[in-house]
Amino acid sequence: GAAGAGCANGSFATGSTLSASGVPSVANDSLVLSAAGSTPSSPGVFFQGDLQVNGGLGTPFVDGLRCIGGNLVRINKIPSLAGGQGMYPQPGDMPIHQILGVSPGDTSYLQFWYRDPGGPCGTKANTTNALRVVWGL
């Protein structure tokens, strides 16, 4: 896959990427997670862990790597990835900090896991890269 992306999937020559925009703030959370290059029309889920796996390098998991561990929290499921893209939150959705119950100074490790029926290893699922976010006031 491409640098900074997850492992190659059955739909694209490169892997899916997870990126973040906005501000991870407990008082004024504008953090938005975006997955791109995932399998179109398949579901996926954003999730958080409070630890990195293997120093952030991950360990084999489905057709990709699981880079986050510890206490895992599902942030939100995307029922169908239009064009392989998914975002959370959408207007009206609960802010991420409320789902996670974080406090200022907490660190979240974030990753996206998605269905990949045509994936190279036949596990029918894959993951993106992982992100590290430190929550502010």
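Modeller: Let's start with Pro-89, in the loop between S9 and helix H1 (96-100). Keep in mind that this is a predicted model.

Biologist: What is the peptide bond from Tyr-88 to Pro-89, cis or trans?
Modeller: The Tyr-88 to Pro-89 bond is cis, with omega near 0 degrees. In general, most peptide bonds are trans.

Biologist: Which residues have a positive phi without being a glycine?
Modeller: Asn-54 is one of them, with a phi of about 55 degrees. Lys-124 is another, at about 70 degrees. Most residues other than glycine have a negative phi.

Biologist: Where is Asn-54?
Modeller: Look in the loop between strand S4 (51-52) and strand S5 (59-61).

Biologist: And where is Lys-124?
Modeller: Lys-124 is in the loop between S10 and S11. Its relative accessible area is 43%, so Lys-124 is partly exposed.

Biologist: What else is Asp-116 in contact with, leaving aside neighbours within four places in sequence?
Modeller: Asn-9, Gly-10, Ser-11, Thr-39, Asp-63, Ala-125 and Asn-126 are also in contact with Asp-116.

Biologist: Is Asp-116 buried or exposed?
Modeller: Asp-116 is buried, yet it has no salt bridge.

Biologist: Which side chain of opposite charge is nearest to Asp-116, and how many Å away?
Modeller: That is Arg-115, 8.9 Å away. A salt bridge needs the charged atoms within 4 Å.

Biologist: New topic. What order do the strands take in the open sheet?
Modeller: The order is S1-S2-S9, with 3 strands and antiparallel pairing. Strand S1 (17-21) and strand S9 (86-88) are at the edges. Each has a single partner strand, so one side of each has no neighbour in the sheet. From one strand to the next, the twist averages 20 degrees.

Biologist: What holds strands of a sheet together, in general?
Modeller: They pair through backbone hydrogen bonds, either parallel or antiparallel.

Biologist: How many bridges are there between S1 and S2?
Modeller: S1 pairs with strand S2 (residues 32-36) over 5 bridges, in the antiparallel sense. In S2, Ser-34 is the bridge partner of Ser-19.

Biologist: Is Leu-81 buried or exposed?
Modeller: Leu-81 is buried, because its relative accessible area is 0%.

Biologist: What does Leu-81 touch, not counting residues up to four places away in sequence?
Modeller: It touches Ser-38, Thr-39, Pro-40, Ser-41, Ser-42, Pro-43, Gly-86, Phe-112 and Tyr-114. Thr-39 is also in contact with Asp-116.

Biologist: How many Å apart are Leu-81 and Leu-100?
Modeller: They are 23 Å apart, C-alpha to C-alpha, and 19 residues apart in sequence.

Biologist: Last topic. How many disulfides are there?
Modeller: The structure holds 0 disulfides. Cys-7 is in none, and the nearest cysteine sulfur, in Cys-121, is 7.8 Å away.

Methods
Residues numbered from 1 in each chain as written. Predicted model: local features only at pLDDT ≥ 70, side-chain atom pairs only at ≥ 80, totals over all residues. Heavy atoms only, no water. Buried < 20%, exposed > 50% of the residue type's maximum accessible area, 1.4 Å probe, protein only. Lys, Arg positive; Asp, Glu negative; His and termini not counted. Contact = heavy atoms within 4.5 Å. Pairing = 2+ DSSP bridges. Helix = DSSP H or I, 4+ residues; strand = E, 2+ residues; numbered from the N terminus. Axes fitted to C-alpha atoms, helices over the stretch in contact; angles between N-to-C directions. Disulfide = S-S within 2.5 Å.
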